[in-house]
Amino acid sequence: MSVCIPTYNGERFLAEAISSVLLQTYPAIELIIADDGSTDGTIAIACLFRENAPVNIRLIVQENQGIADNCNAGISQANGKYIKFVFQDDLLTSDCIEKMVDVAEQDPQIGLVFSRREMVFDDGAENDPNLRMVYENFRDLQRGWSNLKPLQWGRELLADSQLFEHPINKIGEPTTVLLRQEVCDRVGGFDPHLNQLVDLDLWWRIFAVAKVGFIDETLSYFRLHDRQKTCQNMREGTDTDLAFFEKVCFADEYQFLSPAHRIRSLLIYTTILNHELRGGEPSKLEASRRLRRVRRSLAEKWLGLSNLKETDLINLAAIRQILGNGELCDP
């Protein structure tokens, strides 16, 4: 079992995260700490544990690349049959890995195992309105599925009528998930081009090729605090899912989704773009460029038109009406 802890300026909680790994009842563990250019005491804490821990701890240090690249660095160094992520501010129950491995070992076609997780506030964080909103809206993710089973093909979940309903990430954060390394290598790791829903993008790609196991009990704790990436994105106005929905709409690797789901993603994508049009000039210019791409793609690929000029691009409202009336065929 390879446990990966991606870190970046995580001195505040890192020792607790590492300790929750060292207290696991599952014995065969290697711990990989992948640091993304921390400037605080993160590396010193990691080195202290490496010198004194009873398990093999490896420390990877790189220049700041972002969370997706940092997670992928941990994956690239993993020797285990399974990979278990623990983010630097999260915690595992002591039997988390043992129970997840027990499920994964039931069927070699299982590529992902997840469980319920509990959200907990850091001291004083419950007073932050953004974090309160996250807690209220994302605490019971698994309830979003129509027919979640202890074991099923991922494609069953991808076909769920509730797939795009809130919350869209019905699996959870990487700390809630165990991955089979062979499957992770097959579909590729986390996509560094995405700003939000980086984890969901990987979960869905795994769903397309593997079975999924679910454990209906809390096996991890997701800590809410003001330095979280999600909270920072909210404050900076960068908490947009635009790149994710664009990928689902247009990327060839998402052909495993049904036409209805890709159309649904397209409507969400264009709704976000229309909202961007009401922003500042840089936002408007980029949104306009993306909307022209949407219209051209719809006209050329889905409505059978070709050789379009800029002035020929179809009115987006008309296209959305066609989509809404269900008159569009399989793309």
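Analyst: This is a predicted model. One place to start is Pro-259, which lies in helix 11, residues 259–276.

User: Why is Pro-259 called partly exposed?
Analyst: Its relative accessibility is 27%. Buried requires under 20% and exposed requires over 50%, so Pro-259, at 27%, counts as partly exposed.

User: How far is Pro-259 from Cys-249 in sequence and in space?
Analyst: The two are 10 residues apart in sequence, and their C-alpha atoms are 9.6 Å apart.

User: How are the axes of helix 1 and helix 2 placed?
Analyst: The axes of helix 1 (residues 14–22) and helix 2 (residues 42–52) come within 10 Å and cross at roughly 25 degrees.

User: Why is helix 1 called roughly parallel to helix 2?
Analyst: Angles under 35 degrees count as roughly parallel. The crossing is at roughly 25 degrees, so helix 1 is roughly parallel to helix 2. The crossing is right-handed.

User: Which residues make the contact between helix 1 and helix 2?
Analyst: Helix 1 contributes Leu-14, Ala-15, Ile-18, Ser-19 and Leu-22, while helix 2 contributes Thr-42, Ile-45, Ala-46 and Phe-49.

User: How many of the residues in that contact are nonpolar, polar and charged?
Analyst: The contact of helix 1 with helix 2 has 7 nonpolar residues, 2 polar and no charged.

Note on methods. Residues are numbered from 1 along each chain as its sequence is written. This is a predicted model: local features need pLDDT of at least 70, side-chain atom pairs count only at pLDDT 80 or more; totals for chains, interfaces and linings use all residues. Side-chain values use heavy atoms; hydrogens and water are left out. Helices (H or I, at least four residues) and strands (E, at least two) are DSSP runs, numbered from the N terminus. Buried means under 20% relative accessible area, exposed over 50%, partly exposed in between (1.4 Å probe, protein chains only). Axes are lines fitted to C-alpha atoms, for helices over the stretch in contact, and angles run from 0 to 180 degrees between N-to-C directions. Angles under 35 degrees count as roughly parallel, over 145 as roughly antiparallel, 65 to 115 as roughly perpendicular and the rest as oblique. A crossing is left-handed if the near helix is turned anticlockwise from the far one by less than a right angle, and right-handed if clockwise. Contact means heavy atoms within 4.5 Å. Ala, Val, Leu, Ile, Met, Phe, Trp, Tyr, Cys and Pro count as nonpolar, Asp, Glu, Lys and Arg as charged, and the others, Gly among them, as polar.
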